[in-house]
Amino acid sequence: MEKLCLITGGSKGIGFEIAKKMAEKEYTIILNSRNPFEAVRKLQEQNFKVIELAGSITEESFLKNLIEIVESYGYIDSVLINYGGPPIKPFLEVSEKEWVEYFNLMFLSPLTIIKELIKYLERSNYPRIVAITSFTSIKPIKNMVISNSLRIGLVNALKTIALEFADKNILINAVAPGYIETERLKDFIQKQSQILNVEPNEYKKAIEKNIPLRRIGQAEELAKFVSFLLSYENTYITGQHFAFDGGITI
Ligand SMILES: NC(=O)c1ccc[n+]([C@@H]2O[C@H](COP(=O)([O-])OP(=O)(O)OC[C@H]3O[C@@H](n4cnc5c(N)ncnc54)[C@H](OP(=O)(O)O)[C@@H]3O)[C@@H](O)[C@H]2O)c1
């Protein structure tokens, strides 16, 4: 039977690498992001089966289009919850409007997607869900209050769902990346060094020095781990939140 996998936030960085690994495991990928076109083309060029799903995961039209695709299969096997990171700014600069906007993106939309997809996951032989979080939800850092707080709420919601659907064999986990080389990390280094008034290069060196493994991780190595949890290969791990971070949260 054809295996179907949704990847949200899949056009670049961590999400794109996970989409590639799942495609290599012969899953058909529903690839979502607001602008997924180039990524879809890249994967199709490698003869992977990809269905394009453009739109923000916060939009009603996204959910409607997603359900239409999944309904045409009648089931879905794997769901990766991923999206762009929230603004990097001190607590006092975060507006109420931003709290609501990122609550919708990072907490409510993932749960709505899962709620809508549960009945289709129940029809899969190997139903799996993984959410990408951040090491900052395990070890909070400055200027990341939105990420530090909303993601851990999502983790506990996922653990609850993992318990409630364990009897249906739906395995649900979350993975907290450490510093991973992507566009988001470049932005992060830029913004943090601006706020802290240090040179971006110096800030990057300080990050590397603080990682016990002494290097920034690659999206591909993270994708290997996540695609294991997200596929039929995982048969006994559920309700966990794993740090994938070179030891930064030790
Ligand atoms: N890289 C790191 O070091 C690191 C560390 C800890 C945590 N994280 C977290 O891990 C996640 C992925 O990180 P990354 O480095 O791969 O980020 P990235 O390079 O910025 O990629 C983010 C992805 O999410 C998509 N996206 C953004 N907003 C979306 C929305 N509303 N709906 C659907 N898709 C959306 C983007 O595509 P479009 O622009 O086309 O929508 C893109 O594909 C982020 O939440 C990030 O904060 C990253």
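Visitor: What is Val155 in contact with, leaving aside its neighbours within four places in sequence?
Guide: Val155 is in contact with Thr133, Ser137, Ala174 and His241. Two residues are in contact if their C-beta atoms, placed from the backbone, lie within 7 Å. The model is predicted: local features need pLDDT of at least 70, side-chain atom pairs count only at pLDDT 80 or more, and totals for chains, interfaces and linings use all residues. Residues are numbered from 1 along each chain as its sequence is written.

Visitor: Why is Val155 called partly exposed?
Guide: Val155 has 19 C-beta neighbours inside 10 Å. A residue is buried if 20 or more other C-beta atoms lie within 10 Å of its own, exposed if 12 or fewer, and partly exposed in between, with C-beta atoms placed from the backbone. A count of 19 lies in between, so Val155 is partly exposed.

Visitor: Where is Val155 found, and how many residues separate it from Gly239 in sequence?
Guide: Val155 is in helix H5, residues 145-164. Helices (H or I, at least four residues) and strands (E, at least two) are DSSP runs, numbered from the N terminus. Val155 and Gly239 are 84 residues apart in sequence, and their C-alpha atoms are 8.7 Å apart in space.

Visitor: Is Tyr83 buried or exposed, and how do you know?
Guide: Tyr83 has 21 other C-beta atoms within 10 Å, so it is buried. This residue is found in the loop between S4 and H4. Leaving aside neighbours within four places in sequence, Tyr83 is in contact with Thr8, Gly9, Ile57, Leu105 and Met106.

Visitor: Why is Glu26 called exposed?
Guide: Glu26 has 12 other C-beta atoms within 10 Å, and exposed means 12 or fewer, so the label applies. Glu26 is found in the loop between H1 and S2. Its phi is near 70°, a positive value in a residue other than glycine.

Visitor: What makes Arg214 count as exposed?
Guide: Arg214 has 10 C-beta neighbours inside 10 Å, so it counts as exposed. Arg214 is found in the loop between helix H7 (200-210) and strand S8 (217-218). The phi of Arg214 is near 65°, also a positive value in a residue other than glycine.

Visitor: What makes strand S5 largely enclosed by the rest of the structure?
Guide: 5 of the 5 residues of strand S5 (residues 128-132) are buried, so the strand is largely enclosed. Arg128, Val130 and Ile132 point one way from S5, while Ile129 and Ala131 point the other way. In a regular strand the side chains alternate between the two faces of the sheet.

Visitor: How do you know that strand S4 is joined to S5?
Guide: Two strands pair if DSSP finds at least two bridges between them. Strand S4 (residues 78-81) and S5 have 4 bridges and run parallel, so they pair. Ser78 has Arg128 as its bridge partner in S5.

Visitor: What is in the largest nonpolar core?
Guide: The largest nonpolar core has 60 residues, and those with the most contacts inside it are Ile7, Met22, Ile29, Leu31 and Val130. Helix H4 (residues 96-121) gives the most to this core, with 7 residues. A nonpolar core is a set of buried Ala, Val, Leu, Ile, Met, Phe, Trp, Tyr and Cys residues joined through C-beta atoms within 7 Å. Not counting residues up to four places away in sequence, Met22 touches Cys5, Ile7, Tyr27, Ile29, Ser78, Ser227, Leu230 and Ser231. In soluble globular proteins, nonpolar side chains tend to be buried together.

Visitor: How do you know how compact the protein is for 250 residues?
Guide: The protein has 8 helices and 9 strands. Its radius of gyration is 18 Å, close to the 18 Å that the globule rule gives for 250 residues, so the protein is as compact as a globular protein of that length. The radius is taken over C-alpha atoms, and the rule is 2.2 Å times the number of residues to the power 0.38. Buried residues make up 40% of the 250 residues.
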